[in-house]
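Thanks for coming, everyone. I'll walk through one model and keep it brief. Have a look at it first.

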Amino acid sequence: MIQINMNKENVTNFAIMPKFNKNDTFNLISKMSFKRLWNGLKVLTSFYISRISNKPVQWGLPISISFEPTTSCNLRCPECPSGLRSFSRPTGMLQKNFFKETIDDIYQQLVYLIFYFQGEPYLNTDFLEMVSYASSKKIYTATSTNGHYLTDENARKTVESGLDRLIISIDGTTQDVYKKYRVGGNIDKVLEGAKNIVKWKKELNSKTPFVFFQFLVVKHNEHQIEEIKQLAKEIGVDEVRFKTAQVYDYENDPNQLIPTIEKYSRYKKNKSGTFIPKNKLANRCWKLWHANVITWDGLVVPCCFDKDATHQLGNLSNESFKKIWQNIRYKEFRSSIIKSRKNIDICANCSEGVSVWQ
């Protein structure tokens, strides 16, 4: 059954606090252990103690981590550093041995592993081997792809890898609309890739990966919202989700991306007629207590909004993840969130929910 999901908190990056359907929930529960449950309780408790005391308290290890397979990408999307080739940090590929060493250090507490930050994961030839390794540790695994490399062989390997969740970004139902944002993309390849995944799930009698189309709603494609629902149903993907677009120069919106349908927009107009973010940026952020991001070369950064890794909280080439998670830089960053989140540059354009419960 196709489910349509629009996160009321306008989630911008698919998986830091993912939503689950019944099958997904059962799959996640099956991966739980006492250590993971106990760790999650410690993290949650420390978050609320920090809110009450206005001082950063951090117990436990992250529940969720994003690992970046690569910064390379085959497309040139106009609001993406990978697509624009505008990174100040180097481009490269995550090495599987480094990945395995890090996972070995934290897998007993880790519940959810996202193989994505920037770039196209399938460009890393070791990507699915790393998924298999994480799956062998009974970690819930997810990735996001533009769908151009889901060949028949890769689709079979994806299902066999044990990947739990596959997000296919598809921002249009026709080539002329799709290519306006997914510059250099071919919608026929994306649709064929989705069909390949659905086929191999059936062939291998596998319930995973849970597949959904992620539709970035912008001005030029908002008229195709109903069409993408029907297209997903015809192909047999599990769900459709709608994503709000992050626009760097949102006041002027030079690429004319901000949609006219307000519920799909991350921004609203103020009295002067310019756009401002809807998020009021309360001085708290659940992400800083339960999740983080690791770049392909081992830099530990606060979250998915630090695309250029300007807030480096540690480097795994110099120290272990567990030491980084409790180091002075992390404590200072959490403290700055509690004191004045609006003064942190990467938070200014953030639309993520500020806590697990409001």
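Let me begin in helix 6. K157 and E153 sit 4 residues apart there, so about one helical turn separates them. Their side chains meet in a salt bridge, 3.0 Å from N to O. K157 counts as partly exposed, at 35% relative accessibility. E153 is also partly exposed, at 44%.

A caution before I go on: this is a predicted model.

Back to charges. How many salt bridges does a search of the whole structure find? The search finds 14. One of them pairs D164 with K31, at 3.6 Å from N to O. That pair links distant parts of the chain, 133 residues apart. D164 is in the loop between helix 6 and strand 5. K31 is in the loop between helix 1 and helix 2. Buried or exposed, these two? Both D164 and K31 are buried.

Next, E239 and R241. Their side chains form a salt bridge at 2.6 Å, N to O. E239 is buried, with 1% relative accessible area. R241 is buried too, at 10%. There is also a network: K96, K100 and E129 are joined by salt bridges that share partners. As background, side chains of opposite charge can pair when their charged atoms come close.

Now the aromatics. The whole structure holds 15 aromatic pairs. Take F115 and F127. Their ring centres are 5.7 Å apart and their planes are at 75°, so this is an edge-to-face pair. F115 is in strand 3 and F127 is in helix 5, so the pair ties together parts 12 residues apart in sequence. F115 is buried, at 0% relative accessibility. F127 is buried as well, at 1%. F127 has another partner, Y122: centres 5.0 Å apart, planes at 75°, so edge-to-face again. Y122 is buried, with a relative accessible area of 9%. Step back and you see one aromatic cluster, made of F67, F98, F99, F115, Y122 and F127.

On to the core. The largest nonpolar core has 99 residues. Which of them touch the most other members? They are F99, L113 and F213. Helix 8, residues 187–203, gives this core its largest share, 7 residues. Look at L113 in particular. Leaving out residues up to four places away in sequence, its contacts include I65, F67, F99, I103 and Y140. In general, nonpolar side chains in soluble globular proteins tend to be buried together.

The surface has a nonpolar patch, though. F34, W38 and L41 form it, with about 370 Å² of accessible area together. F34 is in helix 2, residues 34–53. F34 is exposed, with a relative accessible area of 65%.

Last, the backbone. T208 and P209 are joined by a cis peptide bond, with omega about 0°. P209 is in the loop between helix 8 and strand 6. Then two residues with positive phi, neither a glycine. N54 has a phi of about 60°. N54 is in the loop between helix 2 and strand 2. N54 counts as exposed, at 52% relative accessibility. A309 has a phi near 55°. A309 is in the loop between strand 11 and strand 12. Buried or exposed, this one? A309 is buried, with a relative accessible area of 3%.

That's my tour. Thank you.

Note on methods. Residues numbered from 1 in each chain as written. Predicted model: local features only at pLDDT ≥ 70, side-chain atom pairs only at ≥ 80, totals over all residues. Heavy atoms only, no water. Patch = residues over 30% accessible without salt bridge, like charges linked within 9 Å, V, L, I, M, F, W, Y side chains within 5 Å. Areas by Shrake-Rupley, 256 points an atom, 1.4 Å probe, with all protein chains shown as cover. Salt bridge = Lys/Arg side-chain N within 4 Å of Asp/Glu carboxyl O. Buried < 20%, exposed > 50% of the residue type's maximum accessible area, 1.4 Å probe, protein only. Core = buried A, V, L, I, M, F, W, Y, C linked by side-chain atoms within 4.5 Å. Contact = heavy atoms within 4.5 Å. Phe/Tyr/Trp six-rings, centres within 6.5 Å; stacked < 30°, edge-to-face > 60°.
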